[in-house]
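Have a look at it first, and then read on.

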Amino acid sequence: MKKYITDEKNGLDYTLVNGVYLPNLISTETHYEIGLWGQRHLRFIKQHRKVFYTSLLTNCKLNSYLHNVDVRATEMYDRLVKQLKEQQGITEQLKANDMMAWVQAMNNITSQAREQVYVDIITAF
């Protein structure tokens, strides 16, 4: 008996172990750390896009997909915060002169950026 065989019907490879062919079930998915945005999107697709979620999960593409969403969302968030700070004239000088005004402005900016990322990436399909 051959040590390794490939089933032409399903494309799976098998290894002979103790007289029995066992499928070589090795995940091809890379494991990435999933950040805040990826976790939020995961929660969204689990609740609202169940078929899509199941498809990603069964095809071993969920982790890489969520990583991609997380990277895109983080880049968008950082870019929006920077742009909004420049548009509204929020500087380190304001931080030095009036800390409370700077905190209020930054809270407003981060809230706007979070909402935009949530609408454009997290819940967009």
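What follows goes from helices to a hairpin, then to a salt bridge.

This is a predicted model, in which local features need pLDDT of at least 70 and side-chain atom pairs count only at pLDDT 80 or more, while totals for chains, interfaces and linings use all residues. Residues are numbered from 1 along each chain as its sequence is written, and side-chain values use heavy atoms, with hydrogens and water left out.

Let's start with helix α3, which covers residues 62-88. Helices here (H or I, at least four residues) and strands (E, at least two) are DSSP runs, numbered from the N terminus. At 1.5 Å a residue, the 27 residues of α3 should span 39 Å, and the end C-alpha atoms are 38 Å apart, so the two agree. The expected span is 1.5 Å times one less than the number of residues.

Quite a few α3 residues are buried, among them Leu 66, Val 69, Ala 73, Met 76, Tyr 77 and Leu 80. Buried means under 20% relative accessible area, exposed over 50%, and partly exposed in between (1.4 Å probe, protein chains only). What do the buried residues of α3 pack against? Their partners are α1 (36-48), α2 (50-58) and α5. After α3 comes Gly 89, with a positive phi near 70°.

Now over to helix α5 (residues 99-122), where Val 117 lies. With a relative accessible area of 0%, Val 117 is buried. Leaving aside residues up to four places away in sequence, Val 117 touches Trp 37, Ala 73, Met 76, Tyr 77, Leu 80 and Ile 122; contact means heavy atoms within 4.5 Å. Val 117 and Trp 37 sit 80 residues apart in sequence, yet their C-alpha atoms are 8.7 Å apart in space.

Next up are the strands. β2 (residues 13-17) holds Val 17, and β2 pairs with β3 (residues 20-23) in the antiparallel sense over four bridges. Strands pair if DSSP finds at least two bridges between them. Across this pairing, Thr 15 stands opposite Leu 22 in β3. The hairpin has two residues between the strands, and Asn 18 takes a positive phi there.

Val 17, Val 20 and Leu 22 make a nonpolar surface patch with about 220 Å² of accessible area together. Patches are made of residues with over 30% relative accessible area and no salt bridge: like charges are joined within 9 Å, nonpolar side chains (Val, Leu, Ile, Met, Phe, Trp, Tyr) within 5 Å. Areas come from the Shrake-Rupley method with a 1.4 Å probe, and for residues, only the protein chains shown count as cover. At 36% relative accessibility, Val 17 counts as partly exposed.

| Residue | Phi | Place | Relative accessibility |

Lastly, the charges. Side chains of opposite charge can pair when their charged atoms come close. How many salt bridges are there? The count is one, taking a side-chain nitrogen of Lys or Arg within 4 Å of a carboxyl oxygen of Asp or Glu. The partners are Lys 95 and Glu 92, whose closest N and O atoms are 3.9 Å apart. Both lie in helix α4 (residues 92-97), three residues apart, about one turn of the helix. Lys 95 is partly exposed at 29%, whereas Glu 92 is exposed at 52%.
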